[in-house]
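Thanks for coming. I will go through one model today, starting with a chain and then its contacts.

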Amino acid sequence: MDISLSLVLFDYLKLTEIMENEKNHIVPYHTFLLVLAGLIALTLISVAVTKIYLGTLTVFIALFIAAVKSTFVLRVFMHLKFENRMFTVMVIAVMLLIGVVIFITLLDYLFR
Amino acid sequence: MVIQEGEREPSYLEYKGKHKGIFSWILSTDHKRIGLLYLFSILSMFAIGATLGLLMKFELIAPGKTIMDAQAYNAFFTLHGIVMIFAVVIPGLPAVFGNFLLPIMIGAKDVAFPKINLLSWYLYVTGVTLVVISQFAGTGPPDTGWTFYAPYSFRTTSTMLPAVFGAFVLGFSSILTGLNFLVTIHRMRAPGMTWFKMPLFPWTLYATAWIQLLATPIIGITLLMIVAERTLNIGFFDPSLGGDPLLYQHLFWTYSHPAVYIMILPAMGAISEIIPTFARKSIFGYKFMVVATLLIAFVGYFVWGHHMFTSGMSGTALYTFSLLTFLVAIPSAIKVFNWVSTMHKGSIDLQTPFYWAIAFIFVFMVGGFTGLILGSLAANVHLHNTHFVVSHFHFIVFGGTGFAFFGALHYWYPKITGKMYDTRWANIGLLLFFIGFIALYGPMLYLGVQGMPRRYFDYDEIFHAGNIISTMGSWVLYSGVAIIIINLFSSLKTGAKAPADPWGGKTLEWTIPSPPPVENFIETPVITKGPYDYK
Amino acid sequence: MSLKTEIHRDDLASKTGMWLFLFTEMLLFGGLFVVYSVYRYRNAEAFHLAAHELSIVFGTANTIILLISSSTIAMSITAIQKKNKTLALLLLGITIFLGLIFLANKYVEWGHHIKEHIYPGSPVLALRGQGDVLFYGLYFFMTGLHALHIIIGLVFIGFIVVFIIRGNVTSDNFVLHENSGLYWHLVDLIWIFLFPLFYLIT
């Protein structure tokens, strides 16, 4: 008898948890369109920047703009802004990992 | 909780589902059956790899050609490496014991994605098949070593593509296992099992899964680049086209070093389960063990250059990698200290798994110390590519993962099979194994310091005596393995029936019948205490 | 819907699994970014000059196409959540269409280079010097691998279209749809970085 009771309790806990997740946040269409406009603008800016001669700085600016664009895609399109913070932490950690691997590899090439 | 006789659930071995016969195994999504599918495959591959090793050692019993020439020897050590690394020790503990025990130890019915779990096994079999095909197809078996170094790997006329693809597919299998375990641990722990109430074996599987997930793609892309070199002449690692062979080594080891932590972390986790049980005492410093596990996984990502000290890297890279290599040894040392401290003032029950655990600690330490020697830049210049290196990694991988695998096998055998094995034969096997192991790899330390190179089928007469001892050691080791395996198989038929908790363990797997029912738990456990609750 | 079917579904697990898979894709391309970093550093001038030979019009167009397709698939999820099946299917259709345009553009771009005998392993390319060999090697390999992922993404989205039509994906059960969106966004993300690294280093 108490087996079925704890089963029911557990089921209820799981169900409420699922219902929590399904209190789903709906992103309005215009949010996406606004972000899209911004992304296209940033793209065009990054192209325009290459027309100005800034030497090696050009690439850093282009990459910086790419990073800004990525942030919008990640936070709005990929919903990170509205998800559990754990996902954001993981994404940042992965990007840092790739960055550190590139950095350490360059420690070889830069100082040969 | 008392189970009435008439109410007994069928065990996962007896369970009759949709499929019959062999299909009830190879189409099963039950994590326990998949674990056994992996056990069968991995033991088979281990037998192949071990036989290759035995034959290699036989070649080395005397200078000059004994049973094979140089080209054959190259093919042998290549296949030995590919099989042992990619098909045995990397999948090893996670695929067998992780699959079988992880859900049970966290109070779950199965892993998060059971069908993907089965797919992982299919990918494993496919990868292994491709590797086997590489031996018989085309212009000759691969002869580059398991490390596939450029430019030889794209210039050699031996058949490389099946082996390279095989390794790629095996990597994908590993990635999916890691992904599955991560989601399982995040989402399916029983009520009350907070992160810090989770036992240490699942913790090590967790850290390992992150490495499987984040490191394996690097070797994936590197292997694809080798394919591009061989088929398209793309030039990434070809010096005549501007490529740098050293970049291949960077990319290769960026995976292959974290890979050794895939090998050792679950091994350490198994030891962390065995020792508390047979010391009748909670693990010493549980939180430190968790932090050490995560640190090993994290720092281990940044030490890969210690495989390349003599390759021509910059001085800055040399110092950085050497320093980080020394740092990554610290958490491992913490673990050894904590295992020994667990035993101190414990109530030791000397059983086979415990013997494996203390043997593990000994050989792991030899492996670890020799690793520190190799991590020292000046010593490395002398020792790189000698038998000292061969000894080091066999002590730490075969000694570490291998001993832990056999220890885990003897620890969880009653749970998995529902039978007890013959302890006397198990211990005889272990003793022969250990003696053979030391005789096989011990002399290599001296041979390496004396200057005997690795991957050579021939050697100078001054190395002869050490090699004779070493080869004889391989015979003793092999016979030990044979006794162990035969004992475990024969005990399936003749062994005594195993109770739910033959050893007095406190983790969740010991609260369910041996062997377990299909859904593991009749009612979902609710956790209120830590995992090693010995009072 | 019975209690039983509710328990066995864990959308958060499904989504987590997808994100973890995306991390493997990031690391896969990450390895190529390592190669790019090294060879760009060692052949800065050659890379800079070779980048001029790529069509910035095609590159920019493709970037914008992919950005629009990301917005359409994101909006298709809003549509399915609002129970607007028709709009969802229309938006997914546009996404697929844009993806195909991207591939067509790539085909034209690559065709242009191949016609000039610029491709991996080409003797003409080898004569041009090591920096060029590496630039174009990376260009073809990275955009090629990316294009393969576009194809995979389109197939995935195609399945979602079928699932929506058949009623397997609904406003109550759309995590698979979200996962296909995540995959597609990742493909977009990779291109967001490929674009400046090949086209804008002039």
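Two residues are in contact if their C-beta atoms, placed from the backbone, lie within 7 Å. In chain B, residues 24 or more positions apart account for 84% of the contacts with a separation of 6 or more.

Some housekeeping. This is a predicted model, in which local features need pLDDT of at least 70 and side-chain atom pairs count only at pLDDT 80 or more, while totals for chains, interfaces and linings use all residues. Residues are numbered from 1 along each chain as its sequence is written, and chains are lettered from A and ligands numbered from 1 in the order in which they are written.

The C-alpha trace of chain B spans about 75 × 50 × 45 Å along its principal axes.

Now the contacts with chain A. How many residues of chain B are in contact with chain A? The count is 14, against 15 residues of chain A. On the chain B side, α9 (245-279) and α11 (315-343) give two or more residues each. The largest share, four residues, comes from α11(B).

The contact between chains C and A takes 39 residues from chain C and 37 from chain A. On the chain C side, α2(C) gives the most, with 13 residues.
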